[in-house]
Structure formats: structure tokens, C-alpha cells
Amino acid sequence: MTVEECQLVYICIRNILLLFVTMRWLLIGCYGLALVSLSVALLVSQKPRFYGMKTNQKVVIFCVDSEQNKEVQVEWFKASNYTVKAEDRIPVQAGGQIDIQHPVNNTWISAITIYKVRMNDSAVYYCRMNDTWGPGTEVQVARAVNLEQAVYRSKMKDGLIILQGLLLAICVAAPLIRNHLLMKKRDSIYEEPETDHIYEGLAIETCGGGLYEEISAYSQAGGAEAPWEQD
């Protein structure tokens with residue numbers, strides 16, 4: 001191995017070691033950021049994290065401050081999904097079907113209650129305590145289903161599907177039947193006769209004995225002209 005090849009191998013090994021060390025420190029940094037984010041998130045917790053219910057029911061979401069600060073300022077927000085940024089979340093105010101209980105007597109707990117939830121109440125609800133956001137609680141509201149109406153609509157749908165199938169079959173079969181009838185009619189027009197209808201003279205045997213006498217009565221002289229040839 002020459003000196004140049006040894007230098008090239010040394011440079012490659014050194015670069016691989018530097019890359020390995022750099023990746024290791026980057027991984028440590030990512031773990032550190034994740035731990036910091038988790039610790040911040042644990043400062044404020046929400047219970048429960050998910051609600052799935054029908055309309056006209058009640059929803060209660062709790063927000064707890066793990067640091068148990070004596071002075072807690074709580075705000076509630078909602079967003080269409082978890083990907084919405086914090087500055088784009090919509091504030092939720094008490095009133096109407098919404099009731100907000102703020103922490104009292106050093107309980108460090110806040111709660112939001114939604115009475116008779118509707119379809120448009122489906123969202124992700126966040127609490128913010130002293131500028132610290134909670135992890136969020138997703139609420140999904142489904143419309144109540146009438147079983148009898150659902151069965152009736154299902155039968156109607158099946159009937160419409162069958163009717164559409166029949167109409168489709170008729171639309172496909174009608175041209176085929178029409179073409180078949182036209183072809184059959186055309187074949188009947190140009191059909192060759194089964195027997196050859198060629199005129200055959202009278203058989204003398206089938207005629208009476210006076211045949212020649214009768215014919216001679218209508219015969220004329222050879223020089224005579226036919227009636228239609230006379231002037």
C-alpha cells in the first residue's frame with residue numbers, strides 16, 4: 001500500500017468517526033428536547049383526553065395544574081384538530097350551554113361543561129393555565145340514529161338498487177331483442193323457396209278426350225291475322 005492510499009484510508013476513517021460523533025450528539029439533543037416538552041406538558045393535564053358521544057348529552061373536561069400554584073389563571077380554547085397552531089385556537093367563553101368552573105380554594109382544578117352537545121361542538125378543547133397549554137381533549141359528537149328510520153332507509157336503498165339493476169338490464173336487452181327481430185324478418189324476406197314453382201304444362205292424360213276438338217275450334221288459318229293485328 002502506498003503512502004497516498006494510507007492517507008486516503010485515514011481521511012475516510014476520520015470522517016466516519018466525526019459523522020458518528022455528530023449523529024450521537026444530535027440524538028442526545030433530540031431526546032433532551034423531548035424530555036423538556038414532556039415535562040412542560042405534564043405541568044398541565046386534562047382529563048379525559050377523548051370524548052365520543054351522541055347529541056344532547058353532557059361533556060365535562062377537567063384541567064389540573066400539577067405545580068399547585070396558589071394563583072392560577074385559566075383560559076379555554078378550541079380548535080378543529082390537533083394540528084392547529086396555538087395562536088389560531090378559538091377562545092371559549094362561558095354562557096348558554098357552556099359553563100366554566102375556575103379554580104377555587106386552592107384546588108388547582110378547572111373544568112368546562114358543555115350541556116346538550118350538538119354536532120358543531122365537535123372539536124379539540126385546550127386549557128391554558130398561566131400561559132401553559134394543556135395537551136387537549138378531543139370531543140366527537142355523532143347524531144343520534146333512529147333505528148326504525150335507519151332500517152326503512154336501508155330497505156329503500158336496497159329497493160332502488162334492485163330497480164336500477166332491472167332498468168339497466170332492460171336497456172341492455174331491448175337493443176339486442178330488436179336486432180334479433182330485424183334479422184329474423186330480413187331472413188324471412190329473402191328466404192329461398194323450398195320447392196321449385198316452375199310452371200308445368202297440362203298433362204294430356206288429365207284432360208278429357210275432346211281437348212283437341214276444343215282447341216281446333218279456336219284455331220284459325222295460317223294466313224289469318226290475329227285480332228289485334230287487324231286494322
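# An aromatic cluster and its surroundings

Author: Phe77, Tyr82, Tyr126 and Trp133 together make one aromatic cluster. This is a predicted model, where local features need pLDDT of at least 70 and side-chain atom pairs count only at pLDDT 80 or more, while totals for chains, interfaces and linings use all residues. Residues are numbered from 1 along each chain as its sequence is written, and side-chain values use heavy atoms, with hydrogens and water left out.

Reader: How many aromatic pairs are there?

Author: Rings of Phe, Tyr and Trp (its six-membered ring) pair if their centres lie within 6.5 Å; planes under 30 degrees apart count as stacked, over 60 as edge-to-face and the rest as tilted. Going by that rule, the aromatic pairs number three.

Reader: How many residues apart are Phe77 and Trp133?

Author: These two form a tilted pair, 4.9 Å centre to centre with 55° between the planes. Phe77 belongs to strand β4 and Trp133 to strand β9 (residues 132–133); strands are DSSP runs of E, at least two residues, and helices are runs of H or I, at least four, numbered from the N terminus. The pair links distant parts of the chain, 56 residues apart.

Reader: Is Trp133 buried, partly exposed or exposed?

Author: Buried means under 20% relative accessible area, exposed over 50%, and partly exposed in between (1.4 Å probe, protein chains only). Trp133 has a relative accessible area of 23%, so Trp133 is partly exposed.

Reader: Which kind of pair do the rings of Tyr126 and Trp133 form?

Author: Tyr126 is buried, at a relative accessible area of 2%. The ring centres of Tyr126 and Trp133 are 6.2 Å apart and their planes stand at 90°, so the pair is edge-to-face.

Reader: Which residue has its charged end over the ring of Tyr126?

Author: A charge sits over a ring if NZ of Lys or CZ of Arg is within 6 Å of the ring centre and within 35 degrees of the ring normal. Over Tyr126, at 3.6 Å from the ring centre, sits the charged end of Arg89.

Reader: Which residue stands opposite Val74?

Author: Two strands pair if DSSP finds at least two bridges between them. β4 and β8 run antiparallel and are joined by six bridges. In β8, the residue opposite Val74 is Met129.

Reader: Which residues is Asp65 in contact with, beyond its neighbours within four places in sequence?

Author: Asp65 lies in strand β3 (residues 59–65) and is buried, with a relative accessible area of 5%. Contact means heavy atoms within 4.5 Å. Leaving those neighbours aside, the contacts of Asp65 are Leu43, Val72, Trp108 and Met129.
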